[in-house]
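This report goes through selected features of the structure shown here. Please keep the sequence and the model at hand while reading.

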Amino acid sequence: MELVEKELIKYLKSIGLEVHTSTKARGHQGFYLKNRIDISKNIPKNRIMPTLLHEFAHFVHCELEPLMPRNGGSLEVLFDTDNAKQFEKELITVTHFVDTNSKCERLEQHKKLIKDRILAYEEIIKSRYPKFMRSKKFKEFDKYIKKSNARYLLKYDRVKLVTGVLFKKVQMLSIDNIEKDFCDMPVEFAAYIRLKSCQKRQARISARINRLKKYYCSPAELFARFVEGLYLDDVKVKISAPQTYSRFFQLLESNYYRYLPDVIEKFYSPKSL
């Protein structure tokens, strides 16, 4: 750990914060709760300082809104205004360059890939059943599947079937081996099973994207990444979020953010600030 990081930790402890650097931080790089900051012992060295500042920003926020850990806080309080919408878009832009994971690009790409597969399977089905619609029952398939163990693949991608009492028979089924396990199944029906599997995966990916976006766009996280961004590249923050930057420093100079002026003065680059 570098000297500047040790000095920041020393300062944080001097204002009453508990700081731990040898935990797993609940699976994150850092974590803040009830005047305690945990920094993961597995964190890359170049991420220690930004993460400390990020978690410290949560502490500063809690000084303004004690219920922030429960409700995520509000931009109105953070920027002492009735019109916080003007800052939200800028803060999201800052968040995207501070943490590229916030864009959910890999998940969006995966979602598009799944969507393309769904369309491909739909084309296979429509080649024989042109009136097929995903939103309606596929009667021909429903009639066929009632008599087939393949019906279990509509709920699970892989299934272990155990039959028999005295002499048990174990059969492993998978959507990857439909043609091998069910030689008599029409290709359109196999495509339909795979289409339904893709729809479930698409729903899971969409739900995950929505959860991540809700997390990244919460006022608490937007503010913490703004404070972190000022340390990483203050010039880029100023260009990306001019209104937010201006309002933040107005409030900073009036001591609206407790302890934050001291930290910026002591630990941020004087050239940029």
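## Serine 102

Leaving aside neighbours within four places in sequence, serine 102 is in contact with Thr95, His96 and Tyr216. The model is a predicted one. Serine 102 sits in the loop between helix H5 (85-98) and helix H6 (105-126).

Serine 102 counts as buried because its relative accessibility is 5%, and buried means under 20%. A polar atom of the side chain of serine 102 lies 3.4 Å from the backbone oxygen of threonine 95.

## Helix H6

Helix H6 has 22 residues. From its first C-alpha to its last, H6 reaches 32 Å, close to the 32 Å expected at 1.5 Å a residue.

The buried residues of H6 are Leu107, Ile114, Ile118, Glu122 and Ile125. Seen down the axis of H6, these buried residues fall within an arc of 85 degrees, so they line one face of the helix. Helix H9 (187-216) is included in what covers them. The face of H6 turned away from the buried side carries the exposed residues Arg106, Gln109, Lys112 and Glu123.

## The nonpolar cores

The largest nonpolar core has 49 residues, and those with the most contacts inside it are Phe79, Phe248 and Leu260. Among the elements that give two or more residues to this core are helix H1 (3-14), strand S3 (36-40), helix H2 (48-64), helix H4 (75-78) and H5. Helix H10 (219-240), helix H11 (242-253) and helix H12 (260-267) also give two or more residues to the core. H2 gives the most, with nine residues.

Not counting residues up to four places away in sequence, leucine 260 touches Phe56, Val60, Phe223, Val227, Phe248 and Leu252. A second, separate core has 29 residues, including Leu107, Tyr129, Leu173 and Ile175.

## Helix H2

H2 is mostly covered, with 15 of its 17 residues buried. From its first C-alpha to its last, H2 reaches 25 Å, close to the 24 Å expected at 1.5 Å a residue.

## Serine 174

Serine 174 is found in strand S5 (residues 169-174). Is this serine buried or exposed? Serine 174 is buried, because its relative accessible area is 9% and the cut-off for buried is under 20%.

A polar atom of the side chain of serine 174 lies 3.1 Å from the backbone nitrogen of aspartate 176. Not counting residues up to four places away in sequence, serine 174 touches Leu153, Asp157, Arg158 and Asp181.

## Cysteines

How many disulfides does the structure hold? The structure holds zero disulfides. A disulfide is a covalent bond between the sulfur atoms of two cysteines. For cysteine 62, the closest cysteine sulfur is in cysteine 217, 20 Å from its own sulfur, which is too far for a bond. Cysteine 104 is in no disulfide either; the nearest cysteine sulfur, that of cysteine 217, is 8.9 Å away.

Cysteine 62 counts as buried at 12% relative accessibility. Cysteine 104 also counts as buried, at 3% relative accessibility.

Note on methods. Residues numbered from 1 in each chain as written. Predicted model: local features only at pLDDT ≥ 70, side-chain atom pairs only at ≥ 80, totals over all residues. Heavy atoms only, no water. Helix = DSSP H or I, 4+ residues; strand = E, 2+ residues; numbered from the N terminus. Buried < 20%, exposed > 50% of the residue type's maximum accessible area, 1.4 Å probe, protein only. Polar contact = N/O pair within 3.5 Å; in protein donor to acceptor, adjacent residues only side chain to side chain. Contact = heavy atoms within 4.5 Å. Core = buried A, V, L, I, M, F, W, Y, C linked by side-chain atoms within 4.5 Å. Expected span 1.5 Å × (residues − 1). Arc of directions from axis to C-beta. Disulfide = S-S within 2.5 Å.
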